[in-house]
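Hi,

Here is the structure I promised to pass on.

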Amino acid sequence: MIKLTTDHSASSYGMPVFVDDNGNVMDYSHGIQAARKEHGWSTSDLAEKLGVSSRTVENWEQGRLPNKTALLLLSHLI
């Protein structure tokens with residue numbers, strides 16, 4: 001199960017990080033995609049839940065960094 005947490009040594013300035021089942025930090029693109037798929041959400045589903053466009057979610061999954069607000073909201077969703 002993918003976690004998004006600020007309670008990890010890799011988290012700095014309150015920026016959440018994705019952590020896999022083994023406690024390894026994941027990059028944001030893989031973490032967002034894994035969390036989305038784990039919950040059965042399409043990019044459109046996740047975009048709607050976060051109040052952003054589907055293209056924004058696609059950009060995050062391709063390596064563009066999400067903002068802290070979106071990550072904090074996502075952490076509450078997952």
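**Helix packing, the core and a buried glutamate**

I started with the contact between two helices, where Leu46, Lys49 and Leu50 of α2 meet Ala70, Leu73, Leu74 and Leu77 of α4. Sorted by type, the residues of this contact are six nonpolar, no polar and one charged. Keep in mind that this is a predicted model.

As for the geometry, the axes of α2 and α4 lie 10 Å apart and the two helices pack at an angle of about 110°. Angles of 65 to 115 degrees count as roughly perpendicular, so α2 is roughly perpendicular to α4.

Two of those contact residues turn up again in the largest nonpolar core. That core has 18 residues, and the members touching the most others are Phe18, Ile32, Leu46, Trp60 and Leu74. Two or more residues come from each of β2 (17–19), α1 (28–38), α2 (43–50), α3 (54–61) and α4 (68–77).

Is Glu61 buried or exposed? Its relative accessibility is 15%, and buried means under 20%, so Glu61 counts as buried. Apart from neighbours within four places in sequence, Glu61 is in contact with Ser29, Ile32, Gln33, Arg36 and Thr43.

Cheers

Note on methods: Residues are numbered from 1 along each chain as its sequence is written. This is a predicted model: local features need pLDDT of at least 70, side-chain atom pairs count only at pLDDT 80 or more; totals for chains, interfaces and linings use all residues. Side-chain values use heavy atoms; hydrogens and water are left out. A nonpolar core is a set of buried Ala, Val, Leu, Ile, Met, Phe, Trp, Tyr and Cys residues joined through side-chain atoms within 4.5 Å. Buried means under 20% relative accessible area, exposed over 50%, partly exposed in between (1.4 Å probe, protein chains only). Helices (H or I, at least four residues) and strands (E, at least two) are DSSP runs, numbered from the N terminus. Axes are lines fitted to C-alpha atoms, for helices over the stretch in contact, and angles run from 0 to 180 degrees between N-to-C directions. Angles under 35 degrees count as roughly parallel, over 145 as roughly antiparallel, 65 to 115 as roughly perpendicular and the rest as oblique. Contact means heavy atoms within 4.5 Å. Ala, Val, Leu, Ile, Met, Phe, Trp, Tyr, Cys and Pro count as nonpolar, Asp, Glu, Lys and Arg as charged, and the others, Gly among them, as polar.
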